[in-house]
Structure formats: C-alpha cells, structure tokens
Amino acid sequence: MNVIYKLGRNILTFLKYLSLVFFSFAAVLPVVSCFITAFKTDQEYQTTNVMTMPANWFNFDNFVQAFQKANMGRAFINSTIILICVLFFSVMIGTQLAYVLNRFKFFGNTIIRALFLFASQLPGVAMQIAVYEIMYKLGFINSLVGYIIMMCGTDIISIYIYIQFFENIDYSLDESAIIDGANYFTIFYKVLFPLLKPAIVTSCILKGVGTYNEYYCASLYLQDKNRYATVATSLYTFVGPLGSKYNLICAGVIISLLPALIVFILCQKQIYSGLTAGAVKG
C-alpha cells in the first residue's frame, strides 16, 4: 500500500513539474522567436524558419528602421505622458474613493459597491459605442488630454484592492489622529496613504501594463498617427495590405520592451517589497 502511495505521489510530482516546464517554455518561446527574428534581414526572414539563427547578430538595421519609420521617438513621448498622468490620477482618485467607501458608512454605500461590481461584469468592447459617442461629442477624438481622461476612468479592480487593504488597517489609527486634532484629509494623506504603498504598487503594475500596451482604444481615439501615436499603435506601421514586415515589427517590439525592462531593473527592490508586503495581512 505504501509503495502504491509513494508511486502515485511521485507521478503527481513529476506531472506538476512537467506542466511547469511546459508552460514556462510556452511563455518564453514567443519572446525568443521575436528576439531572433529582430536580427534577420528580409531575405533571411522569408527563406528560413522562425527559430533559425540569423547570419549576423550585429545586424541593427532593423532596429534603426523600426525606430525611424514608426516614429517611435514621438510614440515613446506620448506613451510616457499618458502613462504618468493615468497612473497619477488613477491612484489619487481610486485611493480616495476606497477611503470614503471603507471608512464612512452612509446611505448608498452598499449601492455604490454593487454598481461597481455590476460595471465590472460588463464587456468593455460592448460599451465602446456609448464611450465613442461621448468622446466624439466632447471633442476628445484625436486629443491626448481626452484620451488620458478616458483611460483615467474608474479602475474597478484597483478600487477593490485599495478597499481590501483599508480593511486590514486598524481604525485605531484614525481615532488617534482625530484625538490629536487631525481632519479627514490629514488622516488620509498623512496617516493612511503612506500605508497603501503595497496596494499602490500592485495596482500601478496592473494599470501601467494595461495602459502601456493598450492598442484598441489608442487606435480608435488617437487616429492621427503622426502626432498622437503610442508605442502600441506605432508598430502597426509595418502592417499593410501587401504583407507585414515581421522582422521590423519584432525589432520594434524589442525596443518597446526596453523601457519596461529598465524600470523593472531599477525599481525591482521596491516592486518586490511592495508585492510581498501586500501579501501579508495585518
């Protein structure tokens, strides 16, 4: 009986690690293929397999062409402006809203939370007709400011992250601050907001990645690609009716990954500390 139990446990362990290896390989393979393709010439890409190594690893012509033809300099500036503004306003609005919903009990509190839950169930694509109509009437088409305002729209997932984190912060902190003469704004900004760092890091990662990689809304509302191209939409330059230059697209993808990689390397200590602190209750 013990032999059968040990055999079954070993089989389960083997299957567990085999699945981990398989899914890791499936996740890494597209990145490796993209990296290899980025260094290939047009002829090499058309005549070789995607995993065939390029003849010259120092062929940086694709990167130069991708950066220049796709106007990625302007795209990086636009994406940076959008990302900073969206993260700043999303954090400020989301944390304050979560503070009010968690710390204050008033008529309609439960209704507001239910409406947020209902809104999270609505498919985003189905709402685009109404959103586009609003954006058009407000004159926000081909407007960087209008696009930022739309992207700053209520981030329901982040709000629930903030609310959950507020629930783990003892009310005694609020009461002590009130006894010392602090008002609600002081309590929020001076006492509670610094404690939200783990939740803010988590929500900024989720919101930042989504905003930086957003293609559908950027292509729909920022139609002037010469002035308002983002990193995601600039790569569409190499897609045309006569074919796509995937070696240039892959070079552009590698270029677009560099800022995120640099930020992660420089801020990995703060990112890891924020995520791990957010996983600890109390």
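This is a predicted model: local features need pLDDT of at least 70, side-chain atom pairs count only at pLDDT 80 or more; totals for chains, interfaces and linings use all residues.

User: What makes Cys85 partly exposed?

Analyst: Cys85 comes out at 24% relative accessibility. The partly exposed class lies between the 20% limit for buried and the 50% limit for exposed, so that's where Cys85 lands.

User: How do you know that Cys85 is in no disulfide?

Analyst: A disulfide needs two cysteine sulfur atoms within 2.5 Å. For Cys85, the nearest cysteine sulfur belongs to Cys152 and sits 7.3 Å away. Seen from Cys152, the nearest one is that of Cys85, at 7.3 Å, and Cys152 is in no disulfide either. The count by this rule is zero disulfides.

User: Why are α5 and α8 called oblique to each other?

Analyst: Helix α5 (residues 109-121) and helix α8 (residues 156-167) pack at about 140°, with axes 10 Å apart. Roughly antiparallel takes an angle over 145, and roughly perpendicular covers 65 to 115, so the pair is filed as oblique. As for handedness, α5 passes α8 in a left-handed crossing.

User: Which residues of α5 and α8 meet?

Analyst: On the α5 side you've got Arg113, Phe116, Leu117, Ala119 and Ser120. They meet Ile156, Ile159, Tyr160, Ile163 and Glu167 of α8.

User: And what are the domains in the chain's domain assignment?

Analyst: The assignment gives domain 1 (3-47) and domain 2 (71-242 + 251-279). Taken over C-alpha atoms, the centres of domain 1 and domain 2 are 33 Å apart.

How values were computed
Residues are numbered from 1 along each chain as its sequence is written. Side-chain values use heavy atoms; hydrogens and water are left out. Domain bounds come from an automatic or database domain assignment. Buried means under 20% relative accessible area, exposed over 50%, partly exposed in between (1.4 Å probe, protein chains only). Axes are lines fitted to C-alpha atoms, for helices over the stretch in contact, and angles run from 0 to 180 degrees between N-to-C directions. Helices (H or I, at least four residues) and strands (E, at least two) are DSSP runs, numbered from the N terminus. Angles under 35 degrees count as roughly parallel, over 145 as roughly antiparallel, 65 to 115 as roughly perpendicular and the rest as oblique. A crossing is left-handed if the near helix is turned anticlockwise from the far one by less than a right angle, and right-handed if clockwise. Contact means heavy atoms within 4.5 Å.
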